[in-house]
Amino acid sequence: MNQKNIYLINGDFTQTISPLDRGFAYGDGIFRTMLMRNGQPDNWPLHYQKLVADCAVIGIVCPSADLLISDMQQLFSVTDQPEVAKIIITRGEGARGYAPPAITNPTRVIIKSAMPKYRPDIFIKGVDLHECEIRLPEQKKLAGIKHLNRLENVLARMEWNDENLFDGLMLDLQSNVIECTMSNVFARFDDILITPDLSDCGVAGITRQRIIWLASMLNLKIEIKPLSFTKMALADEVIICNSLYGALSVKKIGHKKFPVQNLAKNIRDALKA
């Protein structure tokens with residue numbers, strides 16, 4: 001395949017995005033990022049279920065699973081190296097103005113990327129996080145979904161250039177921990193594993209959901225509730241997670257240090273099982 005063919009739009013290598021597309025004009029759409037192994041998406045049923053649910057929240061009809069799989073088969077081939085797929089679904093084209101047209105034809109985009117090259121030591125020693133200054137506002141209607149309006153994350157990621165900082169921790173306006181710019185967060189207190197309540201803001205990733213389901217296998221009791229940064233600073237362990245790297249221990253946020261133990265490794269092993 002020509003190296004330039006790294007994305008498909010509506011199943012076509014030659015199609016372009018119209019300036020009238022509402023995803024381009026207003027961020028009117030959703031997306032997901034997933035690991036590809038041997039040309040197939042990891043945990044596809046969960047990813048597709050979330051695509052459908054997120055589309056439903058903003059009133060978009062999600063393309064069929066068969067159609068999206070067909071698109072990915074055009075882009076990805078069987079290979080020993082893991083790759084990354086990003087699926088974007090927008091409402092499609094519309095006239096000027098915020099009001100969506102009564103009838104829409106959603107745009108679907110599949111982007112192929114190389115797997116990030118993570119340093120091997122981070123899976124043993126853990127990672128350092130930046131404490132972001134920008135805060136996440138409350139918006140219950142959009143809470144939990146991965147919509148295209150990601151300016152808070154963009155501005156947060158602009159806050160640091162230190163390559164030793166893996167990600168940035170984002171809080172809400174009440175100083176509760178919500179997520180990182182590209183990860184979800186868990187904190188362990190003895191045998192209780194807490195992940196922030198995302199009822200008001202934040203993105204509920206599928207790896208977060210899988211860890212919630214796996215907690216009992218790890219002899220942990222899961223709690224989903226507000227978690228202040230002050231409370232999290234007392235945790236026995238803090239981990240972050242997403243669909244690409246699985247789970248990583250956090251060893252420092254700003255000037256606050258955290259113990260690095262076995263939770264992240266145990267979770268990675270459970271996720272692979």
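This is a predicted model: local features need pLDDT of at least 70, side-chain atom pairs count only at pLDDT 80 or more; totals for chains, interfaces and linings use all residues.
Modeller: Local features need pLDDT of at least 70 and side-chain atom pairs count only at pLDDT 80 or more, while totals for chains, interfaces and linings use all residues. Residues are numbered from 1 along each chain as its sequence is written, and side-chain values use heavy atoms, with hydrogens and water left out.

Biologist: How many salt bridges does the structure hold?

Modeller: A salt bridge is a side-chain nitrogen of Lys or Arg within 4 Å of a carboxyl oxygen of Asp or Glu. By that criterion, the number of salt bridges in the structure is 15.

Biologist: Is Asp71, which forms a salt bridge with Arg108, buried or exposed?

Modeller: The N to O distance between Asp71 and Arg108 is 2.5 Å. Buried means under 20% relative accessible area, exposed over 50%, and partly exposed in between (1.4 Å probe, protein chains only). Asp71 has a relative accessible area of 2%, so Asp71 is buried.

Biologist: Which residue forms a salt bridge with Asp128?

Modeller: Asp128 is itself buried, at 12% relative accessible area. The closest N and O atoms are 2.9 Å apart, and the partner is Lys251.

Biologist: Are H6 and H8 roughly parallel or roughly perpendicular to each other?

Modeller: Their axes, lines fitted to C-alpha atoms over the stretch in contact, with angles from 0 to 180 degrees between N-to-C directions, cross at roughly 95 degrees. Angles under 35 degrees count as roughly parallel, over 145 as roughly antiparallel, 65 to 115 as roughly perpendicular and the rest as oblique. H6 and H8 are therefore roughly perpendicular.

Methods. Helices (H or I, at least four residues) and strands (E, at least two) are DSSP runs, numbered from the N terminus.
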